[in-house]
Amino acid sequence: MELLNKLLNIHSVSGDERLMTDFLIEYVNQRKSQWKVQPEFYFGGEFHDCLLLKFGTPKTAVFSHIDTIGFTVRYEDQLVSIGGPEVENGFDLVGEDALGPIKCRLVEIDGDLFHDFPRAIVRGTLLSFAQVIRINGGFIQAAYLDNRLGIYNCLKLCESLENGWVVFSTYEEHGGGSVPFLLKFIQETSPIKQALVSDITWITEGISHHQGVVISMRDQFIPRKIYLNRIIKLALESGIPFQLEVEGSGGSDGREIQHSPYAIDWCFIGAAEDNVHTPSEKVSLLDLDSMLALYRYLMKHL
Amino acid sequence: MELLNKLLNIHSVSGDERLMTDFLIEYVNQRKSQWKVQPEFYFGGEFHDCLLLKFGTPKTAVFSHIDTIGFTVRYEDQLVSIGGPEVENGFDLVGEDALGPIKCRLVEIDGDLFHDFPRAIVRGTLLSFAQVIRINGGFIQAAYLDNRLGIYNCLKLCESLENGWVVFSTYEEHGGGSVPFLLKFIQETSPIKQALVSDITWITEGISHHQGVVISMRDQFIPRKIYLNRIIKLALESGIPFQLEVEGSGGSDGREIQHSPYAIDWCFIGAAEDNVHTPSEKVSLLDLDSMLALYRYLMKHL
Amino acid sequence: MELLNKLLNIHSVSGDERLMTDFLIEYVNQRKSQWKVQPEFYFGGEFHDCLLLKFGTPKTAVFSHIDTIGFTVRYEDQLVSIGGPEVENGFDLVGEDALGPIKCRLVEIDGDLFHDFPRAIVRGTLLSFAQVIRINGGFIQAAYLDNRLGIYNCLKLCESLENGWVVFSTYEEHGGGSVPFLLKFIQETSPIKQALVSDITWITEGISHHQGVVISMRDQFIPRKIYLNRIIKLALESGIPFQLEVEGSGGSDGREIQHSPYAIDWCFIGAAEDNVHTPSEKVSLLDLDSMLALYRYLMKHL
């Protein structure tokens, strides 16, 4: 869990993912010699802060977003949300501006958001939840499990992956915009017709802890039934525990794959969490294990 | 009306249009030898469940979506809407899961949707309105006139079409996503600058039955005035009855043409219906006739 | 101010920008021989009513939308908004239909909009605010400062620009759709990685008149922090007065740049106005001056 611990302690609010990008560049370059297959590794200004790994001859691409929700400092101690963070009085926030590090609390008054830092914070400064990681009773609890676990899943997948794209996208939590140019690059380099979205979903009345990774049959958007059926068939064959989700809202990088000028099937697969978009997102370690296992299986057989 | 009858009895909820695709492949292959011009016919995995027909040297493309609204089965007998179906207690729903065929009713309680099938239905199963077709008094009444009539219009158009693309798109009712890759293929194969959207619109205080096909001057999105003016001028010259619509909401495949990376003018033209997105959509047969006639005229003169 | 006066008196509601396009073609062709660098000038059917100027070897593109908000005439004296105009009883509206020129007033009843013209107006006719220009006390006040000032800024920029794209986009106020094909053309002709959006923003509790041009750190969408930081550093070096804005809503051509299949950074920079989307938009002439100066500086140093 050392890797996961590191991932959880890196700030990368949507639009400012550079620290995570730098970590991933270094991590991949240090580790890839031990991986089963040596990937092509693409990053740099041409890709903003995104990264792509091409293993062998890809049939499928896995997308994992590296940004987190957070807040932009406005005027008069106001905050504006980035993505859809839950807001509760007293949540600890951290960040940094030209005058130094910031540690303060979230204050909500009649739906408006403020910080309680004693001095004014420079306009446009990005704040995010302070990190507290707790592992016990079969659970991990922390801020940003969405989508640090999705990144973790991808990095573990890289160790044995023979064929496939592994793609780290940016600013997914806030309207997206990197998947279109990533897809263009993929389709012009080594095109694919299938995608998986490595991301974290929700505990609901139909989805419980410890019951396995979630295959999402729909959220606000609807993947093709024919592709879902193939994935579910393979998941059954794999013997790995999984759950089927049906939602009417929510979205992911899948939305942008759906609307791209390429006929690419997509499906969201990931562990479910409680306390979504709070500092205490909570995921079952068993569900995380089955997420890792199912990605390994699907990338071999899909 | 045998063709229309068949179209109306095929299930193809957004994301699961395969049965309609298969029908259209077979229909086109059986009939095209009798058409005035032999088209190029494109379909298959590369196009998901969409189909394209290229006649002669196209200047204009006609788009018709082949999906319908419906419902996804969730947990605990809950349903989630696909597209924007009207919901009323007692609407008959049909579908099929691994355990067999399903016939049940829609139940609405405080805005939440349920089915009343005696057993649990497999998660992710798609249900749609049971079909009852009534033709009398100058009207046709059925579920899914939107957009079975749009498909019908296209297939009749094919019989005499000399130049043009006829395009069957998928999952239009629920957020779209096929038009971008269809347009990319069209522009890379035989590009066009003009499009018509063969779809069904609404009876309102300004649009009546039996007054002719509707040329929509705007819905949520706004086509270019210069293109509208050309179409209206041609419609006047044609002598075919038509009505002009101005709406502030609603959308169609036109939305995705507007937002594509191609400068393509678009206009929605179709008969108007009462009881939109219910099992009893109602269209005047005279309006349907004028829709067919106007498409034939425009595809020759636009 | 003669140029600005002319721009303010041209009708070009979203979807019907032809008059502005024609004016810009004539203006550029008359003036360009006096400009420091002779640009390539692109316009015509292939670009709908948009125009592009390529100066030297571009690193950055400036986007300015040439449409305005307005109203579409519906049935029974109803009006439907184009873009998001403020509505107040008695606002003067002008337009023209087949029967002649129209001058009437806006009537709002329980949220529904009507005109009070004595005769019926042809369906689909476009109306816009009557123009009244007032320059005094260091302010300009008129309808459509958003985005006539953005166009004006671009035309003044052209006089001394050595390298860069200047792009005039259409139908931005109502959902956009021209930026995708403009970007495709730019990237296939002389690609760029940086964009500026020359548009007008809002006076708020954090943004005041006479304090300089506004650099927007975010609106509904979020530009990359790394690009913002470079722009702010250059703005500080320039000595030109500027203000930093942080908003949670609103959008611009930047939205479509963000969602394009190209990795292009964007930032909205423009003067702020009071009375947004009314006939009396109000901008400080000092802020307009600093807008002009900052664009000249950034296009040289960015």
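Modeller: Two strands pair if DSSP finds at least two bridges between them; strands (E, at least two residues) and helices (H or I, at least four) are DSSP runs, numbered from the N terminus. This is a predicted model, in which local features need pLDDT of at least 70 and side-chain atom pairs count only at pLDDT 80 or more, while totals for chains, interfaces and linings use all residues. Residues are numbered from 1 along each chain as its sequence is written, chains are lettered from A and ligands numbered from 1 in the order in which they are written, and side-chain values use heavy atoms, with hydrogens and water left out.

Colleague: What makes β1(B) and β2(B) a pair?

Modeller: β1(B) and β2(B), residues 51-55, share three bridges in the antiparallel sense, and the requirement is at least two, so they pair. Y42(B) has L52(B) of β2(B) as its bridge partner.

Colleague: Which sheet of chain B has mixed pairing, and what is its strand order?

Modeller: The open sheet of eight strands, ordered β1-β2-β12-β3-β13-β17-β15-β16 in chain B. Its edge strands are β1 (40-42) and β16 (242-246), each of which pairs on one side only. From one strand to the next the twist averages 20°.

Colleague: What packs on that sheet?

Modeller: Helix α4 of chain B (residues 179-189) does, touching β1, β2, β3 (60-65) and β12 (164-169). The direction of α4 makes about 160° with that of β12(B).

Colleague: Which strands of chain B form the closed barrel?

Modeller: Six strands with antiparallel pairing, in the order β4-β5-β8-β7-β6-β9. Here the twist averages 40° from one strand to the next. Within chain B, β6 (residues 92-97) and β9 (residues 126-129) pair in the antiparallel sense over three bridges, and V94(B) has S128(B) of β9(B) as its partner.

Colleague: Why are α2(C) and α3(C) called roughly parallel?

Modeller: In chain C, α2 (residues 18-31) and α3 (residues 145-158) pack at about 15°, with axes 13 Å apart. Axes are lines fitted to C-alpha atoms, for helices over the stretch in contact, and angles run from 0 to 180 degrees between N-to-C directions. Angles under 35 degrees count as roughly parallel, over 145 as roughly antiparallel, 65 to 115 as roughly perpendicular and the rest as oblique; α2(C) and α3(C) are therefore roughly parallel.

Colleague: Which residues make the contact?

Modeller: With contact meaning heavy atoms within 4.5 Å, M20(C), L24(C) and Y27(C) come from α2(C), and R148(C), I151(C) and L155(C) from α3(C). By class, five are nonpolar, none polar and one charged.

Colleague: Why is the relation of chain C to chain A that of a three-fold axis?

Modeller: A 120° rotation with 0.0 Å of shift along its axis superposes chain C on chain A, RMSD 0.0 Å. That is the relation of a three-fold axis.

Methods
Least-squares fit on C-alpha atoms with pLDDT ≥ 70 in both. Nonpolar A, V, L, I, M, F, W, Y, C, P; charged D, E, K, R; others polar.
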